[in-house]
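Let's walk through this one together, one feature at a time. Have the viewer open as we go.

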Amino acid sequence: MKNGFSVFLAVFIALGLSWCGFVLGSVKQLGTAKQAAVLNSSDTYPLQRTGNATLGSQVYRANGCAACHTEQVRQDGVVCDVVLTAAGKKPTVVSNLVSTLKLTGLTREEADAVSDKIAAAGGSVETHIVASGADIARGWGIRRSVAADYLYDHPVQLGSLRAGPDLANVGARFPDLNWQLVHLYAPQAVVKNSAMPPFRFLFEVRKINLGGASSPDALQFPKDFAPPAGCEVVPSPEAKQLAAYLLSLKADAPLYEAPFTPVMTKP
Amino acid sequence: MNDEAKSNCPTGTGGEPSATQSTVPMWIFIVTLLLLFVGAVYFDHHSGWFNAKVYSPYVSAEQLELYQPKSGAAAAAAQGKKVYETVCGICHGVDGMGKPNQAPPLAGSEWVTGGFHRLAQIPLNGLNGSLQVEGKDWNLNMAPMGANLSDADLAAVLTYIRTSWGNKAGAVSADDVKAVRAVVAGHPAISAAQLKDLPE
């Protein structure tokens with residue numbers, strides 16, 4: 001081959017540069033990442049997972065959950081909503097003013113202008129930062145996923161296909177342990193028309209000891225899905241670990257890189 | 001063999017195909033330069049300059065900074081919680097329940113939910129002597145922990161303890177704290193007996 005050395009050099013430079021860009025650059029930026037501060041709070045995020053939840057991430061991996069579920073919430077935009085907190089000394093003037101103004105879906109500049117107007121009339125306002133996007137509208141998260149969300153994930157199981165819903169926030173959406181376990185045992189018991197296959201091999205169906213009480217771990221089923229009388233369904237250690245991992249998936253802290261105003265919602 | 005198939009065959013006798021030299025058309029240069037320009041402009045507007053903190057939909061660190069939550073009662077409450085947990089929570093407990101032989105509870109305390117004039121004097125000036133809190137007697141000394149806090153921070157803390165753990169008293173503003181600070185500046189720590197005589 002002619003010019004063998006030049007070809008080698010060109011290939012080496014091309015691969016070397018992309019290695020620097022993809023590997024070295026990323027490690028330099030995020031390789032030393034630590035827990036981030038939660039906005040307007042003394043808390044840090046994310047919390048280290050419990051032992052059971054850490055083991056559960058390997059159960060998640062072993063059962064191929066990432067083949068059908070993602071762990072990444074996308075965000076298309078951000079808007080400001082101006083919220084009136086107190087009408088002040090001249091409530092009618094303020095409420096008349098407020099009724100003429102657009103208060104939601106504003107840019108920061110527009111929101112500041114509106115706030116100044118209302119403040120000048122004597123009312124007091126708060127500006128709420130609200131993330132928006134298709135995933136957020138589906139209720140899969142409050143904000144986009146950022147690198148900090150995956151700090152304790154080994155490996156990071158982002159997923160690329162959504163045969164099922166996104167799980168980045170599943171622990172916040174369904175905080176009930178029994179719900180998670182029943183969902184693994186019989187998905188259709190809690191989500192009608194779910195396409196998810198049941199993971200019954202993670203559970204044991206056994207007879208309740210004669211005269212004995214049922215296990216405290218036994219699953220509580222809705223009426224039509226209960227096991228036959230005298231039997232109970234108990235989760236294996238793997239099922240408990242997987243459920244603990246799912247409950248630990250909570251990307252609900254406002255961070256500097258993904259700000260939003262937490263609004264107290266009813267539980 | 002038709003013409004198309006024939007044209008895919010290497011010409012010549014069994015050798016590798018060879019390229020000849022010819023000039024690249026000028027329009028390819030122009031289109032490439034235009035694409036490069038458009039790409040550079042797009043990069044300039046959307047890259048965030050490889051800042052690890054800038055994710056879409058934010059396009060720059062400045063824009064991200066603009067959308068940080070600020071001001072408002074929510075921010076003040078959060079600031080109050082932060083200051084409380086670093087300054088007050090060590091003795092009074094992050095749950096406001098107090099600690100035996102360290103500090104009385106704040107949750108449900110009549111001194112906390114009463115008027116702010118009397119309440120603000122405690123962190124500003126310190127307190128010693130016997131004090132009844134929720135029917136129990138506490139005889140401890142408190143240093144003027146709040147004397148070095150700014151008016152806004154102390155107001156945030158007072159508002160936080162007056163509105164948390166089931167307490168439902170009014171908020172305290174930075175101006176309120178400023179007024180109380182001006183009155184009590186330089187006074188020695190007050191005793192619980194004096195505190196009782198102060199107006200709420």
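**A loop, a core and an interface**

Q: Where does B:M97 sit?
A: B:M97 is in the chain B loop that runs between α4 (72-92) and α5 (110-113); helices are DSSP runs of H or I with at least four residues, strands runs of E with at least two, numbered from the N terminus. By the way, this is a predicted model, where local features need pLDDT of at least 70, side-chain atom pairs count only at pLDDT 80 or more, and totals for chains, interfaces and linings use all residues. Residues are numbered from 1 along each chain as its sequence is written, while chains are lettered from A and ligands numbered from 1 in the order in which they are written.

Q: Why is B:M97 called partly exposed?
A: Burial is a count of other C-beta atoms (placed from the backbone) within 10 Å: 20 or more is buried, 12 or fewer exposed, in between partly exposed. B:M97 is partly exposed because it has 14.

Q: What does B:M97 touch beyond its sequence neighbours?
A: Contact means C-beta atoms, placed from the backbone, within 7 Å. Leaving out residues within four places, B:M97 contacts B:P105 and B:A107.

Q: How many residues of each chain meet at the interface?
A: On chain B 19 residues are in contact with 22 of chain A. α4(B) gives the most to chain B's side, 10 residues.

Q: Which residues have the most contacts inside the largest nonpolar core?
A: Such a core joins buried Ala, Val, Leu, Ile, Met, Phe, Trp, Tyr and Cys through C-beta atoms within 7 Å. Here they are A:Y185, A:L242, A:A243 and A:L246, in a core of 44 residues.

Conventions. Contact = placed C-beta atoms within 7 Å.
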